[in-house]
Amino acid sequence: MKMSSRLAWLALGWMMAVASGVSAAEPRVLRALLVCGGCCHDYPVQKDVLKRGIESRARITVETVQQGGTSKESRIPLYDNPDWAKGYDVVIHDECFGAVADTQWISRILAPHRAGLPGVNLHCAVHSYRAAPGDLWQEYLGLRSMKHGKATPIRIRTVDPQHPIIRGLGWRDWLTGDEELYNNVMVFPTATVLQRGAQGEDDCAITWVNRYGSTRVFSTSLGHFNETVSDERYLDLVTRGVLWACDRLDSKHLKAIPPTPPLRSTSPVTPQAKP
Ligand SMILES: [Zn+2]
């Protein structure tokens with residue numbers, strides 16, 4: 001290769017690296033899509049809490065989409081586009097559409113995950129699409145749950161302290177405020193349970209990871225009330241789960257993106273009055 005064309009390639013590589021925010025010292029900022037909406041939860045508040053919580057803990061930008069109103073039957077416009085997940089490194093499912101039972105629709109949601117896109121599922125995402133025949137959504141989650149108990153505190157305990165998500169987490173046990181404990185109808189053999197939750201007589205897997213083909217999937221059924229979702233322990237757990245799903249759970253990614261400096265005011269400077 002001639003020197004001039006080699007230099008041109010080097011320059012092009014440098015420009016692309018600058019354009020995508022990559023430098024030798026800092027890894028690329030990951031792009032997450034958080035999908036929420038549907039029945040029974042305060043998504044207008046929770047989506048912002050999750051976005052701020054994750055972005056202040058990791059090199060991730062979180063874009064949020066809230067669609068579907070408050071119905072559990074909505075088939076949201078986002079998924080109309082077969083390329084709905086294009087350009088994202090991970091999708092955080094936080095939707096609540098338990099009555100959607102169309103298996104073709106569910107397959108469309110799962111297609112990018114089947115192709116390798118990491119998935120994270122929070123609370124009612126675990127109960128979404130559960131009215132459908134078969135186990136399409138549940139094979140992706142690694143668990144089937146059909147109902148939950150009354151809203152009372154859950155005592156969470158760690159069952160896999162050596163898993164990377166748990167190892168660096170700052171807590172092992174947590175007695176939450178009022179919460180919903182999702183039952184376990186089946187835990188699939190591809191899943192690994194990390195935490196269990198006890199509420200009265202019930203004791204269920206509450207946080208787990210799954211291998212969906214070669215795709216990493218992290219789920220927690222915790223997160224009904226704003227008090228839980230806003231808790232530092234919850235946001236730490238979810239952030240580590242998101243990074244693990246992306247195979248980027250390391251010290252380089254566990255730091256907040258530097259905040260964008262505030263824009264300088266373009267208004268003319270008012271001269272100081274003379275004393
Ligand atoms: Zn709930």
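This is a predicted model: local features need pLDDT of at least 70, side-chain atom pairs count only at pLDDT 80 or more; totals for chains, interfaces and linings use all residues.
Which residue lies in the segment after α7? That residue is P258. Residues are numbered from 1 along each chain as its sequence is written.

The secondary structure of the protein comprises seven helices and 11 strands; helices (H or I, at least four residues) and strands (E, at least two) are DSSP runs, numbered from the N terminus. Of the 275 residues in the protein, 39% are buried. A residue is classed as buried if 20 or more other C-beta atoms lie within 10 Å of its own, as exposed if 12 or fewer do, and as partly exposed in between, with C-beta atoms placed from the backbone. Among the contacts in the protein with a separation of 6 or more, 73% are accounted for by residues 24 or more positions apart, where two residues are in contact if their C-beta atoms, placed from the backbone, lie within 7 Å.

Helix α7 (residues 232-245) has 14 residues and reaches 20 Å from its first C-alpha to its last, close to the 20 Å expected at 1.5 Å a residue; the expected span is 1.5 Å times one less than the number of residues. The helix is mostly covered, with 10 of its 14 residues buried. The buried residues of α7 are Y234, L237, V238, T239, R240, G241, V242, L243, W244 and A245. After α7 comes D247, whose phi is positive, near 60°. P258, in the segment after α7, counts as exposed because 8 C-beta neighbours lie inside 10 Å. Between P258 and R59 the C-alpha to C-alpha distance is 8.9 Å, although 199 residues separate them in sequence.

Two packed helices are described by the angle between their axes and the distance between the axes. The axes of helix α2 (residues 43-55) and helix α7 come within 9 Å and cross at roughly 70°; axes are lines fitted to C-alpha atoms, for helices over the stretch in contact, and angles run from 0 to 180 degrees between N-to-C directions. The two helices α2 and α7 are therefore roughly perpendicular to each other, a term for angles of 65 to 115 degrees, while angles under 35 degrees count as roughly parallel, over 145 as roughly antiparallel and the rest as oblique. On the α2 side the contact is made by L50, G53 and I54, and on the α7 side by L235, V238, T239 and V242. By class, this contact has five nonpolar, two polar and no charged residues; Ala, Val, Leu, Ile, Met, Phe, Trp, Tyr, Cys and Pro count as nonpolar, Asp, Glu, Lys and Arg as charged, and the others, Gly among them, as polar.

G53, in helix α2, is buried, with 21 other C-beta atoms within 10 Å. Not counting residues up to four places away in sequence, G53 touches L235 and T239. The C-alpha atoms of G53 and D231 are 9.4 Å apart in space, and the two residues are 178 apart in sequence.

Most residues other than glycine have a negative phi, and most peptide bonds are trans. C40, although not a glycine, has a positive phi of about 80°. C40 is placed in the loop between β1 (30-38) and α2 and is partly exposed, with 14 other C-beta atoms within 10 Å. Y129, likewise not a glycine, has a positive phi of about 60°. The loop between β4 (119-122) and α4 (136-141) holds Y129, which counts as buried with 25 C-beta neighbours inside 10 Å.

Strand β10 (residues 202-212) contains V209, which is buried, with 21 C-beta neighbours inside 10 Å. Leaving aside neighbours within four places in sequence, V209 is in contact with A191, T192, L194, R216, V217 and F218. V209 and L141 are 68 residues apart along the chain, and their C-alpha atoms are separated by 8.0 Å. In helix α3 (residues 103-114), S107 is partly exposed, with 13 other C-beta atoms within 10 Å. S107 and W137, 30 residues apart in sequence, are 8.3 Å apart in space, C-alpha to C-alpha.
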